[in-house]
Amino acid sequence: MQALRQFLLLLLFAALALAEDNSIEPMGVPRCGASLHDLKKALKIELKANANCVWQIQRNVNQTIRLIFSYFKFAPSSSCETESIKVYDGLSTNSSLLGQVCNDTDAVPVLQSSSNSLTFHITTNSLAFTRNFFVFYYFFSPEKKIENCGGQLTGPNGTFTSPNYPKRYPEFTYCVWHIQTAKNRKINLQFQDFFLELDQNCQFDFTAVYDGLTTNTGLIGKVCGLAQPTFESSSNAMTVVLSTDYANSYRGFSAQYTSTPLLGPAEPNTLLTCSSDSMRIVLSKSYLTSLGYNETHLRLNDPSCRPAVTDSVTFSFPLASCGTIKKDEGHSITYTNIISLSAAGNIITRQKSVQIIAKCKMENNSTVEVIYITKNNIIQNTTAVGKYSVSMSFYDADTFSNPVSQSPYYVDLNQTLFAQVSLHSADANLLVFVDTCVASPQADFGSLTYDLIRSGCNKDDTVVTYPPLEHYGRFKFNAFRFLQSFASVYLQCDILICDSKNPNSRCTEGCISRQKRAISSYMWKTNTVVGPIRLKRDLRSADHSESLTKADVEETLNLQQYNFYSLSFVVLISNIIIVVAVILKYHKRQTGYNYQKIQSSH
């Protein structure tokens with residue numbers, strides 16, 4: 001009887017999935033590209049050889065777009081260079097690149113726009129083969145949160161459920177749970193109850209499980225329907241994703257995880273640090289020993305760069321040296337180097353081949369360091385955070401050779417001021433661009449601000465910007481004051497950093513309109529503050545107040561003392577006069593009474 005119920009339930013699933021599948025609009029003629037304006041839409045795309053198709057999504061709403069490629073099938077053995085899906089954060093392929101999907105993508109790609117427009121571009125090679133893709137998107141408000149949707153799980157074991165469990169899960173749900181236990185352990189995940197919409201390729205509602213703390217790679221499995229799946233990680237980290245569309249909702253899942261000791265060599269005790277100037281990789285000798293290697297077996301991309309050996313093994317080198325590979329990845333710049341571990345002087349070996357891939361990723365206002373250890377196709381990673389070093393100073397002339405060291409910086413009204421933003425980095429192939437600068441009388445840049453530069457455009461008539469020069473962004477303007485009684489002026493500038501070898505980067509575009517800015521790309525962004533600026537008349541007032549000599553002070557004190565005694569004497573005389581006047585008046589009134597005539601009543 002139980003088996004019969006399961007069979008009937010599966011038939012019902014299949015019918016519902018077929019109904020939903022039939023409700024999805026395949027791309028009509030022409031099948032190559034479209035302009036889409038629906039709030040939500042699912043697409044089945046079928047392409048042949050040599051396709052070059054662009055889909056644009058836009059709607060006049062104050063929401064962002066989530067785009068999910070829940071199924072993709074490229075031509076066999078194709079590479080990212082010949083076949084791919086590229087997703088852009090804007091209305092054209094000139095917008096910043098959000099991500100790329102290829103034949104070897106080991107994930108269920110989920111991408112999110114920063115505004116109400118998005119573009120994806122599919123290209124195929126010349127191989128005669130039918131490619132199939134299933135993609136759906138929907139507009140949503142990031143600030144709207146779903147209760148019990150995702151989170152961080154750090155205990156040795158634990159449980160979690162889908163939103164509303166055991167009731168139906170919400171539509172348009174995207175939840176991410178990160179599970180991380182102690183080092184040298186692995187995670188076992190078991191779904192005790194699991195009930196999602198069923199379809200052949202889990203295209204509509206699905207749960208994806210990843211080996212590690214990211215959703216970009218390391219996919220262990222993707223499941224849907226009615227099941228009790230189990231998964232195991234290769235390290236102490238695992239990520240679970242729940243994604244749902246807008247139809248056929250069920251009760252979701254209840255899951256528990258446990259952690260057990262990880263057998264084999266200890267997890268690598270590694271440290272990666274990135275700065276504006278250098279990359280530093282530290283490896284423990286115990287980890288190398290557990291793999292059967294020592295420090296003599298290590299080499300970077302450039303074998304001439306050798307480590308320093310103490311209690312640990314340390315590689316420290318400038319970002320642009322030792323064979324480091326630099327790559328422009330849309331909104332970020334990455335620097336990658338590889339430490340290879342291999343036996344030397346032997347014809348054969350029975351040791352594992354190990355590569356440690358160290359990557360410094362310079363993102364918006366931060367530097368993300370990622371270190372990968374590949375070992376028989378097993379990838380482990382660890383992350384840390386840092387940032388570029390940027391500063392801003394005033395200079396006394398347009399030669400920008402002598403910085404102004406005094407603070408506050410006292411100037412004359414309408415005096416020409418020269419400002420320079422400096423990037424402190426060993427990478428010579430970077431370009432600095434001053435995107436926006438605002439002035440404020442307050443150091444916290446409250447409600448009162450004034451635009452000098454906005455989106456690379458001069459908003460003040462006196463502003464002159466200089467062409468980008470390597471690690472320097474320069475401009476000048478005339479000093480001003482705010483109309484209200486504020487003594488100081490502070491400047492805050494948004495700085496963009498680009499790859500100088502990219503001729504189409506944001507740093508080379510100059511002034512652009514606000515509409516075009518939304519689709520313009522840059523590599524890295526931060527802001528810096530300088531100030532305060534004050535008028536010289538304030539300085540003269542301050543100097544005058546501080547220039548009193550000791551004699552002046554004593555004379556002032558003597559004068560104050562004299563004035564005090566004089567005032568006291570005047571008050572005393574005044575009181576005496578008042579008392580005498582009162583006595584005389586009283587005496588006069590008494591004398592009057594003696595001479596007053598009383599009238600007779602007769």
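**Figure 1. Strands S11 and S13 run parallel and are joined by three bridges.** Strand S13 covers residues 174-180, and two strands count as paired if DSSP finds at least two bridges between them. Within this pair, Gln152 has His178 in S13 as its bridge partner. Strands (E, at least two residues) and helices (H or I, at least four) are DSSP runs, numbered from the N terminus. The model is predicted: local features need pLDDT of at least 70, side-chain atom pairs count only at pLDDT 80 or more, and totals for chains, interfaces and linings use all residues. Residues are numbered from 1 along each chain as its sequence is written, and side-chain values use heavy atoms, with hydrogens and water left out.

**Figure 2. An open sheet of five strands has the order S11-S13-S18-S15-S16, with mixed pairing.** Strands S11 (151-153) and S16 (219-223) are at the edges; each has a single partner strand, so one side of each lacks a neighbour in the sheet. Strands of a sheet pair through backbone hydrogen bonds, either parallel or antiparallel.

**Figure 3. Strand S19 (residues 252-261) is joined to strand S12 (residues 157-161) by five bridges, and the two run antiparallel.** Here Phe160 stands opposite Ala255 of S19. Strand S14 (residues 185-195) also pairs with S19 in the antiparallel sense, over ten bridges. In that pairing, Phe195 has Gly252 of S19 as its bridge partner.

**Figure 4. The protein chain as a whole contains five helices and 39 strands.** Of its 602 residues, 41% count as buried, meaning under 20% relative accessible area with a 1.4 Å probe, protein chains only.

Terms used
Buried means under 20% relative accessible area, exposed over 50%, partly exposed in between (1.4 Å probe, protein chains only).
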